[in-house]
Amino acid sequence: MFKLTPSILKNLVTKKATRLYPFEVRESYENNRGELVNDVEKCNFCGICAAKCPSACITVDKKNAIWQCALFSCLFCGICVEACPKKSLTQKTEYRKPLQEKEVVSIQMKTANEG
Amino acid sequence: MRQTIIPFGPQHPVLTEPIHLTLTVEDEVITGAIPALGFVHRGLEKLVEIKDFHQMVQVVERVCGICSMLHAMCFAQGIEELMEVEVPLRAKYLRVIWSELHRMHSHLLWLGLFADSFGFESLFMQFWRIREKIMNINEATTGNRVIVSVNIIGGLRRDLTPEQVRWMLSELTDVGKMIRSLESTLFDDYTVKKRTRGKGVMSAEKAIEMGTVGPALRGSGVPQDMRTLGYAAFKDLDFAPVTEPDGDCWSRCRVRFRETLQSIDLIRQAAGRLPKGDINIKVKGRPEGEVISRVEQPRGEVFYYIKASGDKYLDRVRIRTPTFANFPALLTLLPGMYLSDVPVIVMSIDPCISCTER
Amino acid sequence: MIENVLSVPLEAVLDETAKMKIAGYKFVTLSCVELDTDTVYILYHFDCDYRLAHLRLTASKDARVPSISHIYPSAFLAENEIQDLFNIAFTNLPIDFKHTLFLDKRIKKEPLCRYTMTDKSAPSAGDGVLAQKPNG
C-alpha cells in the first residue's frame, strides 16, 4: 500500500517523461542505422545488394538501370551497405518519416532515361 | 454442472500476440483448455532453401523481435561449431553484453505487461520507462533498437568504443537504481500478492515432466540455465542461476526481476574484462554435418538443430523456441483455476507466439 | 557432431522413449528432416543435466509413427507440428489438430518438404510462394 506514493508525488513536479513527438524530435545517435539512400551517380546496378539482402526488399533491373527498394520490407540491417562495392549505398542516422501507403523507392539512371 | 465454452483470444487486452484458447468452464472454474495456434506462422524455417547460411543469420533474427540477438547468436554459434571457427575473444564478450541487454529489455517488457495483466497500470508505465533506457543503449551501440543485426558468422559487425562502454555502464547504474525502487511496489503490495501468490502452481517434478524451460522452470526451484554451459564468454564470468522455490506466478515474476538485476552485474563483469582485439574473423568454406546449439533466451532455452551438407544452402534448421516448450505446461496449469486468473497465468510463462510459430 | 545418438526402428520408439523417461531424461523436442522423396529422419531430443541424448528414427513418409505423448505429455505439440509441416501421420495423439496447428484448412501441401510436394488434392491458390524452389 502507498508504495508508489513518493514516485507519484515526484512525477507531479518533474517534467514529462515523454516528448511531444512531431514537434520535438530526439537527436539520433551517431552510429544509428536509419534511412537507406542510394547515390545514383555512384551506383553501377551490379545487383549485389539485391542478392545479399536477407529480407529481399531490393530489386535491381540491370538492363534498364533501375534500383528499387520496398520500404516496408526493409529492416535496416545494413547488410547491403556493407556489401556495396561502389559505396553508393549509405544509411542516414535519422529514420524515414512515417508513410501512409506502402511505397517503393525507385531510382533510375539518368542516361538510361534519355537513351 | 453444465459446461460453458469461453473463447480466450486471439484478441485480448493482456495478450501482446495472437493466440486462441478454448476454455471449458464450469461455473467460474476452468476444466479444460485447448489451444489454437497459427495466426502468425511465417514459415521462416522454409527460407533455408532460398537464403544461404550467411543470410540466415539475419533471417533467424526475424523469428522474434524481443530476443532477436540471441536467435542470431545461437545460429551463428551452431554454424561456427560446424565449421570449427574460433570467434575472437572480444566478440565473445561483446555477445555477452548485447545478449544481456536483450534479456534486460525483454524482462522489463514482461514485468510491465505482467503488472498490466493484473491491472496495475502505473507500474506497467514505470517499467516501460526504464526499458526505454535499455532500448536507447541498444540504439546507440548497435544502430537498431529491436532487430540489432550485429551477429555474423565468425563474430560481430559492430564494436564498442571505450566511451560507449563508460556511458552504457553509467546508464545501467541508473537503471539498476530505478528497478530496485520498484521492488517493494511489486513484491510487498497486498493486491499483487493476492493476484499472484498460489496461482498456477507448478511443482519441480511437474515442470521437469512437462519439459519447461527458463524462468518457468527456475521459478519451480530447478536451477537449469543454459548459460552455465559456458557459451560465448559466460564460462569466464561469475554466474549462478536464479531460482525461486514456490512455482507460482509470484515466483516466476521474482525470478525475472532478479535476473534483470543479475544481467546488470553480468554486463559490468563483461565490460570490465573486455579484451582488446578483432571482433570478427573471415569465414571460408561451407558447413557440413549436424549440430545442436543451445542458448538461454529471456524466456528460456532456445534449441537449434542445424543440418548442412557442404552446400551454400543448409538442409534444415529446426528452431525449438522456449515458448514452444512452455506451452504444454501452461495448458496443464489452467484447469482448476478461476477464469479471472487466466490472464495472469498465461502471462506468467511469458508467451511469445511469433517465436512459437516461426 | 551430435553425440549420443541411438538409431531406433519404428517398433522400438515407444520402448526406447520409456527407457529415456526411466533414466530421468527431460523431453526437449522432435526434429524432422526430409532426406529424399520418401524417407525422413525424426530425431527425438532428450536432456538430462545439460547432457543431450537423441533417438534417430528413419521412417518412410507413409509410416504411421506412434505418438510418445503418453510417455512425455509435452510432445503433442511437436508431433502435431511435424504432422502439419511434413505430413507424417502420428497415431494415438491426445490432441490431434489434423493439419491445422499452424496451417490454414485450405492448404493441402506439406510446406517443409522440398523433394515431394505431393498434392493431397488440387493445389489451392495462395500457396505458390511456398512451392518455389531455390535452384532446381
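## Where chains A and B meet

Let's start at the contact between two chains: 17 residues of chain B are in contact with 14 residues of chain A, where contact asks for C-beta atoms, placed from the backbone, within 7 Å. The structure is a predicted model, in which local features need pLDDT of at least 70, side-chain atom pairs count only at pLDDT 80 or more, and totals for chains, interfaces and linings use all residues. Residues are numbered from 1 along each chain as its sequence is written, while chains are lettered from A and ligands numbered from 1 in the order in which they are written.

On the side of chain B that touches chain A, at least two residues each come from helix 1 (53-61), helix 4 (121-142) and helix 6 (183-187) of chain B. Helices (H or I, at least four residues) and strands (E, at least two) are DSSP runs, numbered from the N terminus. Helix 4 of chain B gives the largest share of this side, 4 residues.

Of the 2 pairs of chains in contact, chains B and C share the most contacts. Chains A and C do not touch, and their nearest C-alpha atoms are 13 Å apart.

## A sheet in chain B

Chain B also holds an open sheet of 3 strands, in the order 1-2-3 with antiparallel pairing; pairing requires at least two DSSP bridges between two strands. Its edge strands, strand 1 (3-8) and strand 3 (29-36) of chain B, each pair on one side only.

Strand 2 (residues 20-26) and strand 3 of chain B are joined in the antiparallel sense over 7 bridges. Along strand 3 of chain B, B:Ala33 is the residue opposite B:Leu23.

## Helix 1 of chain C

In helix 1 (residues 13-22) of chain C, the buried residues are C:Val13, C:Thr17 and C:Met20. Buried means 20 or more other C-beta atoms within 10 Å of a residue's own, exposed 12 or fewer, and partly exposed in between, with C-beta atoms placed from the backbone. Seen down the axis of helix 1 of chain C, the buried residues fall within an arc of 55°, so they line one face of the helix; the arc is that of the directions from the helix axis to the C-beta atoms.

Their cover includes strand 1 (5-8), strand 3 (39-48), strand 4 (51-60) and strand 5 (64-66) of chain C. The face of helix 1 of chain C turned away from its buried side carries the exposed residues C:Asp15 and C:Ile22. Just after this helix, C:Gly24 takes a positive phi of about 90°.
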